[in-house]
Amino acid sequence: MTVETTARPVLMKGNEAMAEAAIQAGCDAYFGYPITPQAELLEWMARRMPELGRAFVQAESELGAINMALGAAATGARVLVSSSSPGISLMAEAMSYMAGSELPMVLINVMRGGPGLGSIAPSQSDYFQATKGHGHGDYRVPVLAPSSIAEAVDLVAEAFAMAERYRTPVMILADGVMGQAMEPVVPIYRMPPREPAGWELTGADGRPPRILRSLHLQPEDLEAHNQKLQAKYAVISEREVRWAGERLEDAEIVVVAYGTAARVARTAIERAREAGLRAGIFRPITLWPFPSRDLAALAPRLRAIVVVELSAGQMVEDVRLAVEGRTPVFFHGRTGGMVPTPAEVVAVMERARDATSAAASDTAVLR
Amino acid sequence: MQHATIFGGFGGQGLLFAGHVLAHAAVIEGREVSWMPSYGPEMRGGTASCTVIVADRPIGSPIVDTADSVVALNPPSLAKFEALLATDGLLILNASLIEAEPRRSDIELVAVPCTALAREAGDDRLVSVVALGALIARRAIVSPDSVRQALAEIVGPARPALVAADLAAFSLGLEAAPVASPKVVPVADART
């Protein structure tokens with residue numbers, strides 16, 4: 001990863017930093033439809049892409065935008081789409097088609113409160129949608145979750161690289177804080193190399209036609225296709241897991257959190273340590289593939305795990321699956337656009353310590 | 001060292017701008033910084049705010065439950081943010097628009113006629129730059145010169161004619177909040 005420290009950092013809003021990172025990563029075409037809290041991303045692309053002679057389309061709807069992206073991706077273009085929660089729901093069908101047709105794309109979801117139109121305030125309540133589904137069918141999409149704006153810039157380039165390496169849509173799962181806040185970004189970007197693909201539709205003049213499709217009417221054919229997809233997902237699960245830890249060496253209580261919740265957790269563990277509680281953070285960066293193996297390896301030497309989310313409890317299910325009851329798992333979440341405070345997180349950590357200090361360490365799974 | 005400031009006031013008073021200037025000054029000094037706006041369904045005349053955290057180590061939550069300083073430019077933001085101030089925290093209050101007294105007695109209060117001073121500097125809209133001057137006079141979050149450089153870098157390229165007025169407003173704010181104690185409180189000694 002290209003990170004030099006000679007350039008002076010610039011202060012950038014998350015939405016704008018992710019947009020510029022996509023441009024610098026070689027994004028050929030952007031399609032979108034305005035929605036808060038990601039609107040500045042679309043606005044940045046609206047200004048910059050025409051300047052560079054690249055394609056920018058504000059579509060008539062989210063469905064229009066994602067299907068234009070499907071078409072552009074089929075020609076081998078490096079494609080970006082962005083939206084926020086309700087817009088992503090509208091894009092679910094095309095996500096399934098793109099996964100089935102093995103088309104690369106980067107899709108940024110700057111999450112807001114739900115369900116329904118919800119609120120425009122920050123939320124992480126689309127974890128299930130991002131990691132378990134969006135559309136129909138047996139498919140998976142790598143999901144990258146930035147916890148700072150500098151990291152978001154890195155992950156956008158990484159997302160394009162993964163999308164092309166594995167011929168799959170890749171999602172960046174951010175939230176309203178990551179979209180709206182400004183933080184320093186070192187303006188040195190990375191452009192993944194372009195590999196000759198060999199599948200893209202460029203006109204069949206002088207060569208046999210290529211076909212990209214998700215329709216396989218013969219069950220035998222579709223099962224073979226699905227097995228190929230599953231083999232690809234197995235490789236991604238093996239190779240692409242990313243997570244970061246802080247203060248894990250001597251930790252007895254570990255907060256598992258991603259994105260903005262992990263930032264709240266950082267403040268919380270500092271306060272907890274000041275109060276004598278040995279606290280650390282396990283921060284998944286890939287939400288799918290989830291860092292289950294590494295969390296499972298860590299879990300047995302912990303007194304308790306505290307999961308913090310801006311949701312009613314979604315990632316906590318993957319945490320419980322990973323640790324398989326070996327460690328008590330506690331949860332704290334706020335919803336609707338409310339952000340947990342460090343004080344709330346410290347209180348849950350203290351509760352976790354107290355509940356596990358006596359004989360209460362049997363199968364305690366408390367919420 | 002870590003210092004969290006909340007700027008609150010009416011949309012149009014330049015709060016997000018003043019926070020941006022502070023954050024930019026921190027970047028000039030090579031510090032860690034986050035700037036987080038309120039981004040609800042805000043409108044001109046409604047209440048808006050932003051939180052700026054400047055630190056010498058990686059910053060946790062960009063949204064805070066305790067502020068080291070609050071800049072309140074209108075009555076609703078005094079009511080909303082006073083309670084978040086840490087003990088001995090700094091409250092910069094725009095005396096031109098706020099008649100109410102703060103309820104807290106465990107804080108450092110500096111009442112500055114920001115709107116009147118902004119007019120003196122040449123433009124009512126510089127109210128938040130005056131307040132930023134008062135803030136920096138009392139808390140060495142960044143140096144005054146870094147703020148001046150930030151103003152020139154942010155305002156200069158698009159509106160060079162306004163830089164002088166911004167610098168004047170900042171100086172009026174600095175002068176309006178002379179330190180009561182012999183020296184400026186270094187923020188490292190305030191609350192970490």
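How many bridges join β6(A) to β7(A), and do these strands run parallel or antiparallel? I looked this up before anything else, keeping in mind that the model is predicted. Two bridges join β6(A) to β7(A), and the strands run parallel. Within this pairing I found Val143(A) opposite Met171(A) of β7(A).

**Sheet.** I then traced the sheet that holds these strands. It is an open sheet of seven strands with mixed pairing, and I read the order in chain A as β3-β2-β4-β5-β7-β6-β12. At the edges I noted β3 (55-58) and β12 (286-288) of chain A. Each has a single partner strand, so one side of each is left without a neighbour in the sheet.

**Chain A overall.** I counted 13 helices and 14 strands in chain A. For the extent of the chain, I took the C-alpha atoms along the principal axes and got a box of roughly 75 × 50 × 40 Å. I also checked the radius of gyration, which is 21 Å for chain A; this agrees with a compact globule, because one of 367 residues would have a value near 21 Å. Of the 367 residues in chain A, 52% are buried. I looked at contacts in chain A between residues at least 6 apart in sequence, and 80% of them join residues at least 24 apart.

**Domains of chain A.** I noted the division into domain 1 (10-196 + 214-239) and domain 2 (243-357). Their centres, taken over C-alpha atoms, are separated by 27 Å. The contact between them takes 26 residues from domain 1 of chain A and 22 residues from domain 2 of chain A. On the domain 1 side, I listed the elements of chain A that give two or more residues: α6 (127-132), β6 (143-144), β7 (169-175), α8 (176-180) and α9 (219-239). The most comes from α6(A), with four residues. I sorted the residues of this side of domain 1 into 16 nonpolar, eight polar and two charged.

**Contact with chain B.** Last, I turned to the contact between the chains. It takes 16 residues from chain B and 19 residues from chain A. On the side of chain B, the elements giving two or more residues are α1 (15-28) and β2 (32-37) of chain B. I recorded β2(B) as the source of the largest share, five residues. The residues on this side of chain B divide into 10 nonpolar, five polar and one charged.

Definitions and conventions. Residues are numbered from 1 along each chain as its sequence is written. Chains are lettered from A and ligands numbered from 1 in the order in which they are written. This is a predicted model: local features need pLDDT of at least 70, side-chain atom pairs count only at pLDDT 80 or more; totals for chains, interfaces and linings use all residues. Domain bounds come from an automatic or database domain assignment. Two residues are in contact if their C-beta atoms, placed from the backbone, lie within 7 Å. Ala, Val, Leu, Ile, Met, Phe, Trp, Tyr, Cys and Pro count as nonpolar, Asp, Glu, Lys and Arg as charged, and the others, Gly among them, as polar. The radius of gyration is taken over C-alpha atoms; the globule rule is 2.2 Å times the number of residues to the power 0.38. A residue is buried if 20 or more other C-beta atoms lie within 10 Å of its own, exposed if 12 or fewer, and partly exposed in between; C-beta atoms are placed from the backbone. Two strands pair if DSSP finds at least two bridges between them.
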